[in-house]
Amino acid sequence: MTGKRILIVGGGAGGLALASKLGRKLGLKEEAEITLIDKSPVHIWKPKLHEVAVGVIDQSVEGLLYRDHGLKNGYRFLRGEMLQCDPEAKTITLAGVSNDDGEQIIAERELPYDYLVIAIGGVANSFNTPGAKEHCIFLDSLDSANQFHHKLLDNLLLLDETSEKLSIGIVGAGATGVELAAELHHVLDSVKEYGYLNVDKHHLEIHLIEAAPKILPALPDKVSSRAQSVLDHIGVRLHIGVQVKEVTKQGFITQEDVLIPAGLKVWAAGVKGPDVLQQFDKLPVNNRNLIEVDACMRVKGHKDIYALGDCAFLVQDNGKPVPPRAQAASQMAETLYKNILNRLKGKAENPFVYRDYGSLVSLSRFSAVGNLMGNLRSGSLFIEGYVARMMYMSLYQRHLASLYGWFSALVYRLAQRLLKWHRPKLKLH
């Protein structure tokens with residue numbers, strides 16, 4: 001092997017797992033130079049962003065610091081956002097970095113690569129709905145989750161003083177929207193312990209808006225039906241088969257010109273690639289800002305550039321694209337890890353094969369539902385309650401194992417639990 005420079009842009013589930021495995025395999029032995037780039041210094045598993053948003057988890061406890069993790073796992077971390085890619089020169093351009101006062105502390109710079117992996121994830125798709133960007137929080141990054149959390153705390157403070165209703169609107173009843181709605185009700189049940197004496201769930205009005213004819217539209221009917229039953233029971237107001245045509249300061253205006261009032265607004269519908277990909281004129285980017293890749297995740301027309309996760313558009317043999325899900329990103333990272341090692345050894349790369357192992361949705365302390373898939377004769381197994389909750393938690397443990405290895409992941413998880421044991425149940429700052 002030679003000391004190749006491997007740049008991985010994006011520290012999400014796929015990018016970080018790939019950097020960790022390549023770092024332990026090659027970086028620690030100085031057989032390759034592994035560099036991970038992300039605009040945030042902290043990693044939070046994306047399916048947990050709704051928990052950060054409501055304060056159920058604290059990023060200072062559950063967050064992973066890229067620099068510390070990179071030191072121990074054989075990769076270098078650089079903070080920045082990729083602005084452009086030049087395949088001919090084999091360089092990428094990173095935006096400058098500014099401090100909290102808006103002063104630039106690192107100028108725009110170029111980095112060379114031998115192999116480039118783009119794993120910058122996806123963002124919520126507003127479908128150009130007027131007012132969405134101005135009035136909604138797009139719950140697709142750690143910054144947006146923290147923004148929602150601070151706004152929620154401000155509203156709770158006001159609610160405690162005035163006892164007026166807090167109305168929250170969520171567009172998109174996929175996993176993020178459904179889990180956020182359930183978690184918000186759990187939080188409102190808990191805040192009295194922390195001095196919010198005039199706040200209870202009767203002061204909370206949650207509107208969950210979905211254009212499809214059911215919530216969790218990508219999941220089987222039984223999972224959707226059971227989740228809807230739980231949300232109905234806890235008092236979430238469901239607007240199913242309703243399209244939003246405009247967002248205003250007062251709330252959401254539907255196609256029927258009905259106003260759904262919401263003081264705090266979240267957009268969690270649809271997935272597209274980040275807008276920055278529109279600038280990548282030398283790469284094949286489609287109208288959803290997704291990078292088109294071949295079966296081995298090589299960007300079409302560029303054998304030394306790969307893309308994985310939510311920003312990649314990979315069509316399977318059945319004609320359907322790989323879905324934008326955490327399990328797909330993790331599987332892609334594993335395949336690409338093996339393929340990069342094969343390339344360095346002069347061996348052939350293997351095509352990516354997506355395996356759907358089912359989906360699990362957490363409904364906070366109220367329940368969990370999902371379906372498991374695999375070597376099942378019936379094709380799918382519906383689960384709920386305690387079993388589903390344990391399976392949901394095991395997904396996070398598998399994610400940690402991809403970052404640390406199984407033994408270290410178990411130790412890390414135990415340390416997390418011990419830290420949370422004597423800390424507040426909710427993050428209230």
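Met 297 is buried, since its relative accessible area is 0%; buried here means under 20% relative accessible area, exposed means over 50%, and partly exposed is in between, using a 1.4 Å probe and protein chains only. Met 297 lies in the loop between strand S22 (291-292) and strand S23 (305-307). Although Met 297 is not a glycine, it has a positive phi of about 70°.

Before we go on, a word on what you are looking at: this is a predicted model, in which local features need pLDDT of at least 70 and side-chain atom pairs count only at pLDDT 80 or more, while totals for chains, interfaces and linings use all residues. Residues are numbered from 1 along each chain as its sequence is written, and side-chain values use heavy atoms, with hydrogens and water left out. The pLDDT is the predictor's confidence in each residue, from 0 to 100. The chain averages a pLDDT of 89, and 91% of the residues score at least 70. Over residues 374-378, however, the pLDDT is below 50, and this stretch has 2 contacts in the model beyond near neighbours in sequence; a contact means heavy atoms within 4.5 Å.

An unreviewed UniProt entry carries the annotation "domain: FAD/NAD(P)-binding" for residues 5-333; UniProt positions are given in the numbering used here, feature names are shortened, and annotations may be inferred rather than shown by experiment. Over residues 5-333 the chain is 29% helix and 26% strand, with the end C-alpha atoms 18 Å apart. Helices (H or I, at least four residues) and strands (E, at least two) are DSSP runs, numbered from the N terminus.

Lys 90 also has a positive phi, of about 55°, without being a glycine. Its place is in the loop between strand S6 (82-86) and S7. Lys 90 counts as partly exposed because its relative accessibility is 24%. Follow the chain into strand S7 (residues 91-94), and you will find that S7 pairs with S10 in the antiparallel sense over 4 bridges; two strands pair if DSSP finds at least two bridges between them. Thr 91 stands opposite Pro 112 in S10. Strand S10 (residues 109-112) has Arg 109 and Leu 111 on a covered face, with Glu 110 and Pro 112 on an uncovered one.

Next, turn to Gly 172, in the loop between strand S14 (166-171) and helix H7 (175-190). With a relative accessibility of 4%, Gly 172 counts as buried. Leaving aside residues up to four places away in sequence, Gly 172 touches Gly 177, Leu 208, Ile 209, Glu 210, Ala 268 and Ala 269. Gly 172 and Gly 121 are 51 residues apart in sequence and 18 Å apart in space, C-alpha to C-alpha.

Strand S15 (residues 204-210) pairs with strand S16 (residues 237-240) in the parallel sense over 4 bridges. Arg 237 in S16 is the bridge partner of His 207. Together with helix H8 (residues 221-234), S15 and S16 make a right-handed β-α-β unit; a crossover is right-handed if, with the strands pointing away from the viewer, the path from the first strand over the helix to the second runs clockwise.

Finally, the structure holds 3 aromatic pairs. Rings of Phe, Tyr and Trp (its six-membered ring) pair if their centres lie within 6.5 Å, and planes under 30 degrees apart count as stacked, over 60 as edge-to-face and the rest as tilted. The rings of Phe 138 and Trp 267 have centres 6.5 Å apart and planes at 20°, so this pair is stacked. The pair links distant parts of the chain, 129 residues apart, with Phe 138 in strand S13 (residues 137-138) and Trp 267 in strand S20 (residues 264-267). Both Phe 138 and Trp 267 are buried.
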